[in-house]
Every structure is written in C-alpha cells, then in structure tokens.
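Subject: Handover of a structure and its findings

Dear colleague,

Please find below the structure I am handing over to you.

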Amino acid sequence: MGAVHVRTPKNFVLEERLERYADAIETNPEAYAEDWRKACAPAGSKPFEHLHLDLGCGKGTYLVERAHREPDTLFIGMDQEPICIAYAAQKICEQELSNALVLPRGAASLPQLFAAGELDAITINFPTPQPKAKYAKKRLVHVDHLMLYRPLFAAGATVTLRTDSKPLRDYALGQFAAAGYDTLWVSDDVRRDHPEHPETEYERRTREMGAAVYGICATPGAQPSNEQLTAGRMQEQSLACYLPDNLDGLTYVPLGMEEAVENFKNRARKGKKRLPQESQGLLAVATPATKRQIGADGRSSNLSE
C-alpha cells in the first residue's frame, strides 16, 4: 500500500492486538508451501479452488471484501508493517472469515512461502512508488520482482497493479513487457472499468483528494530473453521522467512526487530545462509501447521499439 502514516487510537497496544487476533496470523508460513489450499480449508471441507495473494495488504479492507465475495478462494495478505497485520487480522476475525489470513512477510520471501505453480493471482494495491531511481529495485513491479513471481504462478494466473500514480503505472508497463508478461488490460480509471475491485482505505482517502486509479492486469507469457531483461533494467527508473509535460494541469500529485513537481515548476519559471542532463544530450525514457527520447531542446520524439 502507499507509504502513509497508519493512524492508531490512543488505546491501541500492538502486542495485545497481535495476540488477540493471532488466529488470522500465520507466523510460520514456510511450513505450508505447496499445501495452502488443503491445510487452510475448514475441517471437513474440500480444499480451496484458488489461491490469491494480496501483496502489501495494508489494513486488510480489500482482502476481506474479496474473501467475502469469493468463498471458494483462499486469500492471503502479506505486509511487513505489524500495525497493518494487526488491523487486517482483526477484520478477518471479527467478520469470521475462514478463507483469509495474513502473513508478516515481504516480497523477497515468496519463493520460500509458495511452491511452483501454486498462486492463481497476485494483487498489488497502491504500493509505495519509490519515485527515486536509486530505489527502483524496491518497487513491487520492477522487472526483478516480476521475475520472482513467475515460477509461482499457475497456468492462466494474473498479477494486477492498482495505483494512484500514473507515472508508476506507465513505468510498470515497460517492466511487465521486459519480464515477458502479456497485458490483459490497462486502465486510466479502474473504478469505472473494473468495479469488481473493492476500495481500500488508502484509495478512499486519496479519492477525496481527487486521485484517479490507474491499473494493469497481466499474465505470464513466453519466458523473456536476456536482452528483454536487460532492457527492463535499463529503462528510465526515475518516476519523475514519467510526469506530464504540463504540470500546471495536474489536479493530483502522486505520493512522494510533490518535491519533484515543485522543483520542475520552479525550473520552468526560471526558463531552465526540466532535468539538468537534458542539456547534455538525449535522455531515454521507456514508455509502454515506445521509447521516448527527450533532446537538448526539451522536445520529445517517439521511436518504435
């Protein structure tokens, strides 16, 4: 989820919450690899038909709503923030859901938690954008993360990104392509185009601030070549380069990009190029179907890949 401060009530005691709702928290998930559907099914019930991972589940609003709607699917939420785990577990327990649980783990642990072909879907809702290039590898849609997910997917599995950051969505399109994923849909308004996705608490707050929801849904295609992977890693990694030319037209600034937007506006007022390196030659920016080259004159041209 987006990196926003998680508000807690004055009487909130994390350790007490984690203990009270421990039934919905799996602290030894490595033991369930290859057996999640069967091991987590209620006693006397058949194994779950599908396994859906909510990666970065936040406080669990999306997780529990999807679990309500799809009782034959086991929904697993993962988050590294203990407060989020506590809130998500509370929702699961209070709503008496038998097809949802949460794991206090991060994406790097996925190969130890799930067997090859075990996941039917991964949803990534409003991940921290990590807009600076030096932190790009932390993005859950970086090509290396997307390659990490591939072996875990069953046939026909999907990975869905939902974000309030259009720069992140546009960046991710190039990363999905580099990792050999086939795009099923791309949306500039996921609320309108795919209402089956419940609204998260973070989404509700940013919607009130004027944010749209951008999205991608993709499925693993042919295994990518080394050249494709290299191209993904060489793609422009700074999300600032995916901001629109007309910054004054922005009605909502994505999380973490406020400083970049203000800096770009200030440079424009002073008659300077948006980025210093633009005056030193070409800056290559990979976009979904093209590579955009910005020359020293500040203009762009589209080159087919």
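How many of the 305 residues of the protein, as a percentage, count as buried? The share is 51%, where buried stands for under 20% relative accessible area, exposed for over 50%, and partly exposed for anything in between, using a 1.4 Å probe and protein chains only.

Two remarks on the basis of these values come first. This is a predicted model, in which local features need pLDDT of at least 70 and side-chain atom pairs count only at pLDDT 80 or more, while totals for chains, interfaces and linings use all residues. Residues are numbered from 1 along each chain as its sequence is written, and side-chain values use heavy atoms, with hydrogens and water left out.

Overall organisation

The protein has eleven helices and ten strands. These elements are DSSP runs numbered from the N terminus, with helices being H or I runs of at least four residues and strands being E runs of at least two. Of the contacts (heavy atoms within 4.5 Å) between residues at least 6 apart in sequence, 73% join residues at least 24 apart.

The structure holds zero disulfides, a disulfide being a pair of cysteine sulfur atoms within 2.5 Å. As for individual cysteines, Cys241 counts as buried because its relative accessibility is 9%, whereas Cys93 counts as partly exposed at 28%.

Nonpolar cores

A nonpolar core is here a set of buried Ala, Val, Leu, Ile, Met, Phe, Trp, Tyr and Cys residues joined through side-chain atoms within 4.5 Å. The largest such core has 53 residues, and the members that touch the most others are Leu55, Phe114 and Tyr149. Helix H7 (residues 166-178) supplies the largest share of this core, six residues. A second, separate core has 15 residues, including Ala24, Ile25, Phe75 and Ala89.

With residues up to four places away in sequence not counted, Leu55 touches Met78, Ala107, Leu110, Ile122, Thr123, Ile124, Asn125, Leu140 and Tyr149.

Asn125, one of the residues touched by Leu55, lies in strand S4 (residues 119-125). Asn125 is buried because its relative accessible area is 4%. The side chain of Asn125 is joined to that of Arg162 by a polar contact of 2.7 Å; such a contact is a pair of N or O atoms within 3.5 Å, where, within protein, one must be able to donate a hydrogen and the other to accept it, and residues adjacent in sequence count only if both atoms are side-chain atoms.

Phe126 belongs to the loop between S4 and helix H6 (143-149). The phi of Phe126 is positive, near 50°, in a residue other than glycine. Phe126 counts as buried because its relative accessibility is 2%.

Glu34 is another non-glycine residue with a positive phi, of about 80°. Glu34 sits in the loop between helix H1 (14-20) and helix H2 (36-39), and counts as exposed at 67% relative accessibility.

Strand S6

Leu184 is located in strand S6 (residues 181-187). A relative accessibility of 48% is why Leu184 counts as partly exposed. Apart from its neighbours within four places in sequence, Leu184 is in contact with Thr158, Cys217, Ala218 and Thr219. Leu184 and Thr219 are 35 residues apart along the chain, and their C-alpha atoms are separated by 7.0 Å.

Helix H9 (residues 201-208) has Tyr202, Glu203 and Thr206 buried. They cover an arc of only 95° around the axis, so they lie on the same side of H9; the arc is that of the directions from the helix axis to the C-beta atoms. Strand S5 (153-163) and helix H8 (190-193) are the elements against which the buried residues of H9 pack. After H9 comes Gly210, with a positive phi near 100°.

Helix H11 (residues 258-269) has twelve residues and reaches 17 Å from its first C-alpha to its last, close to the 16 Å expected at 1.5 Å a residue, that is, 1.5 Å times one less than its number of residues. Its buried residues are Ala260, Val261 and Phe264. Because these residues fall within an arc of 100° when seen down the axis of H11, they line one face of the helix. The face turned away from that buried side carries the exposed residues Glu259 and Arg269. H11 is followed by Gly271, which has a positive phi near 75°.

Yours sincerely
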